[in-house]
Amino acid sequence: HPTKFRIASDTVKTFRALPEEGLKVLAGDLCFVDVGPVIDGHEADFGRTFCIPGADPDARYVRLAECSEEIFRTVQEAWARLGLSGRDLLDFARDEARELGYELNPHMAGHRLGDFPHRVHSSQKLFELETVPSPNLWVLEIHIIDPRTGRGAFFEDILS
């Protein structure tokens with residue numbers, strides 16, 4: 001899929017939302033990127049949040065970025081250990097985000113890997129799946145929002 005990039009206040013938006021005009025990348029602020037390369041005929045999908053270098057970043061931004069990956073890792077571990085369905089993953093991820101003081105955006109939920117577009121194999125979002133997702137076929141997306149700072153953080157990777 002096309003590379004997606006969000007900065008500053010746009011980090012709370014989903015990828016389909018239009019970016020704010022005139023937004024500038026500032027040192028110390030947040031950005032996230034989502035890439036979907038095809039390598040040797042196999043689709044990959046990975047997203048991560050970064051603090052823009054050049055100034056001392058706001059500690060709340062650093063923590064927000066760290067928590068998006070932390071929640072991903074915790075949810076992935078629970079999926080592997082407990083055999084959670086996609087719907088159960090949503091509830092688990094939402095609870096983890098709340099416990100850390102953030103809101104989970106359930107609209108950026110994850111999807112089935114495959115030839116792009118993803119809907120070739122399944123049009124379901126991961127969080128709608130009533131069965132246990134198979135390893136190495138489903139991508140888990142964690143998009144959390146900090147209502148205090150007006151920033152979001154994103155982390156995604158394959159469930160393995």
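**Exercise 1.** Determine the handedness of the crossing of α1 and α2.

*Solution.* The model is predicted, with local features requiring pLDDT of at least 70 and side-chain atom pairs pLDDT 80 or more, while totals for chains, interfaces and linings use all residues. Residues are numbered from 1 along each chain, and side-chain values use heavy atoms, without hydrogens and water.

Step 1. Locate the helices (DSSP runs of H or I, at least four residues, numbered from the N terminus): α1 spans residues 59–82 and α2 residues 86–99.

Step 2. Their axes (lines fitted to C-alpha atoms over the stretch in contact, with angles from 0 to 180 degrees between N-to-C directions) come within 10 Å and cross at roughly 140°.

Step 3. The crossing is right-handed, the term for a near helix turned clockwise from the far one by less than a right angle.

**Exercise 2.** Identify which residues of α1 and α2 meet.

*Solution.* Contact means heavy atoms within 4.5 Å. On the α1 side are Ile71, Thr74, Val75, Ala78 and Trp79; on the α2 side are Leu89, Phe92, Ala93, Glu96 and Ala97. By class, this contact has 8 nonpolar, 1 polar and 1 charged residues.

Note on methods:
Helix = DSSP H or I, 4+ residues; strand = E, 2+ residues; numbered from the N terminus. Nonpolar A, V, L, I, M, F, W, Y, C, P; charged D, E, K, R; others polar.
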